[in-house]
Each structure stands twice: as structure tokens, then as C-alpha cells.
Amino acid sequence: MMAVQSSAGKYRISGVIELKTALHIGGGNDTSEIGSVDKSVVRDPVTREPYIPGSSLKGKLRTLLELYHYALDSSFFDDSRIRVGGNDTRHHECGEPACVVCRLFGATSGKNGRNPSNPSGEVKWNRPARLIVRDTELTDESRQLLRDADELDFFMTEVKFENSLDRITSAANPRQIERVPKGTKFRFEMIYTFWGFNPAFGERFSAVDAGREIGEDLRHLLLSFELLEGDYLGGNGSRGYGKVAFGGLKLEMRTFEAYRDGREWTCVAEAATLGEFVRNIRGQFSLDGGEREEAVGGTGGDTAACG
Ligand SMILES: [Zn+2]
């Protein structure tokens with residue numbers, strides 16, 4: 001078994017996001033040429049298929065985790081720990097090594113926006129995101145279903161009329177919103193890069209410290225999945241859009257040694273539902289790092305947690 005402190009590599013988290021209600025993720029005005037719809041969905045420019053941009057998914061997961069931490073510790077949004085970006089939008093970005101949100105999703109020093117408590121200065125830490133969130137794509141099954149569907153308004157999508165009434169004059173303000181139908185499934189993939197040392201400082205972690213960080217990161221990532229299932233993706237969530245469920249989940253690992261030696265991904269955990277997956281991961285990645293050697297050092301062929 002390789003020593004944990006020399007381990008570095010990647011985890012791959014993959015699975016399916018199923019739309020429990022219809023989804024609207026806006027594609028901007030430049031993609032609305034297909035019709036008279038007021039708000040169109042984002043589509044692949046070549047295949048014209050709707051998809052969930054990785055940026056939308058990543059942004060939502062980060063937001064949900066930020067609010068979760070704020071609920072437990074209101075100093076999470078103190079002036080010294082927020083950044084003000086375009087259109088004066090504020091979000092948490094402290095870059096502190098102990099901050100699981102900034103470790104997962106990244107923090108940049110001085111390039112984007114400003115820090116209210118230090119308007120002219122640089123943010124202390126530059127921290128590349130450990131997590132990469134790929135654009136999703138339709139599962140083969142959903143692609144076929146949507147292609148064969150006769151009742152859709154546009155290619156693979158439906159149009160929903162929304163209305164709001166002027167409370168004084170009762171004048172109507174109807175809008176047409178394009179949506180991806182409920183039941184549609186998208187394949188997602190995320191990559192989490194882990195290090196046996198901290199690149200920001202060039203210092204090696206102890207095995208326990210490295211294990212604790214990885215366990216904390218992965219468990220918070222799954223927590224953000226759970227929070228998303230209780231929230232919504234895309235627009236108009238308070239009007240019923242964008243309820244999603246995760247399924248067919250898989251966690252695989254490939255160390256840099258495995259890349260070098262031509263060994264493929266090793267399955268670490270697999271589960272049909274998010275609840276089952278979370279229990280599996282919580283069992284394998286204790287926050288004291290104690291069980292990490294097995295999970296990361298790996299026996300190579302031991303896929304007891306996989307089907
Ligand atoms: Zn932070």
C-alpha cells in the first residue's frame with residue numbers, strides 16, 4: 001500500500017441528474033432565434049440539445065454550501081470574507097486553507113471583484129478550485145425519448161406560459177418560457193484533484209491531515225448534492241421549476257502513479273440513490289482521516305463498495 005503522504009491524483013464523481021420538474025436554464029438572447037419564446041434554454045450549438053452547463057451546476061452547489069455555512073456561522077459573510085463581483089453581486093471568497101468552500105470551488109487573489117474590507121489590496125490566498133464540474137449531457141435514453149416525442153413545442157423542449165397580473169388594473173403580463181421536460185436525465189461528471197501536500201505552501205501534509213481534508217471536501221460536495229435536491233436548479237424555482245434528483249452515482253479514484261503506470265480508474269463507491277451513496281462515503285471517509293489509507297492507498301482490485 002502506498003503511503004498516503006506521497007499520494008496525489010483524482011477522484012471522479014459521476015452519475016445522473018433527473019429532472020423531477022421541468023427545468024429552465026436560460027440561453028441568453030443570442031439563442032432565441034428559434035421562435036417567439038421570451039426565454040429560451042441553453043443548447044449545444046452543434047447538436048441543438050439542451051444541457052446543464054457545468055458553470056450553472058457549480059455555481060448553484062457553491063451557493064448552497066455558502067448559505068449552509070452561513071447558517072452555522074454568520075461571520076461566513078463578514079466583509080473580510082466576501083468578494084464583490086460584477087453588478088455588485090457578493091459571495092463568500094476567503095481563500096483560507098481551512099475553508100472547505102474555497103478549497104472545493106476556488107478563490108482568486110485580486111483578479112475578480114474586490115474585498116470590501118481591503119478594497120485596494122490583494123486577497124491573501126490564491127486557491128485554484130479542486131473541483132471541476134463538466135457540462136452535462138442527455139443520457140442516451142432521454143435523447144431517444146425527447147427525439148421521438150410528438151407533443152413537444154420545440155426540439156426536445158416545451159413552452160410554458162407564465163403570467164403575472166397588475167394588482168391594481170388586473171392587466172396581464174404573459175411570458176413564454178422554454179423548459180426541458182420533467183423526467184429528462186442528464187449525465188454529469190466532476191473531477192476532484194487531491195494532493196498529499198498543499199501546493200499553496202509546498203508543505204507536505206501528514207497522512208491524517210490530507211485524509212481529513214479529502215474526507216471533508218468529498219462529504220461537503222455530497223452535502224451540496226443533498227441541499228440541491230431540497231432546492232432547485234435554474235430559474236423560476238419558487239414557481240415549481242428545477243427540482244432534481246441524483247442517481248446512479250459512482251466515485252472512482254486514479255492516483256498520478258496510476259496515470260504513470262497506465263492503470264485505469266478504481267471504483268471506490270457506487271450507489272443507486274444519493275442517500276445510499278452518502279452513507280457509503282461517510283463510512284469510507286471519516287473526518288479524522290483514519291480510514292483514508294484504505295480508500296486512497298487502495299488495494300486496486302478491492303471494489304467491495306462497488307457492484
Ligand atoms: Zn472561504
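This is a predicted model: local features need pLDDT of at least 70, side-chain atom pairs count only at pLDDT 80 or more; totals for chains, interfaces and linings use all residues.

Guide: Residues are numbered from 1 along each chain as its sequence is written. The chain has 7 helices and 12 strands; these are DSSP runs numbered from the N terminus, helices being H or I with at least four residues and strands E with at least two. Our strand, β8, covers residues 185-194 and runs antiparallel to β1 (residues 9-19), with 10 bridges joining them. Two strands are said to pair if DSSP finds at least two bridges between them. Within this pairing, Val-16 stands opposite Arg-187 in β8. Another antiparallel partner is β4 (residues 131-133), joined to β8 by 3 bridges. Here Ile-132 stands opposite Ile-191 of β8. Strand β5 (residues 137-138) also pairs with β8 in the antiparallel sense, over 2 bridges. In that case Glu-137 faces Arg-187 of β8 as its opposite residue, and Arg-187 is also the residue opposite Val-16. As a general point, side chains in a regular strand alternate between the two faces of the sheet. One more link is worth a look: leaving out residues up to four places away in sequence, Leu-218 touches Tyr-11, Tyr-192, Ile-281 and Phe-285. Touching here is a contact, meaning that the C-beta atoms, placed from the backbone, lie within 7 Å.

Conventions:
Two residues are in contact if their C-beta atoms, placed from the backbone, lie within 7 Å.
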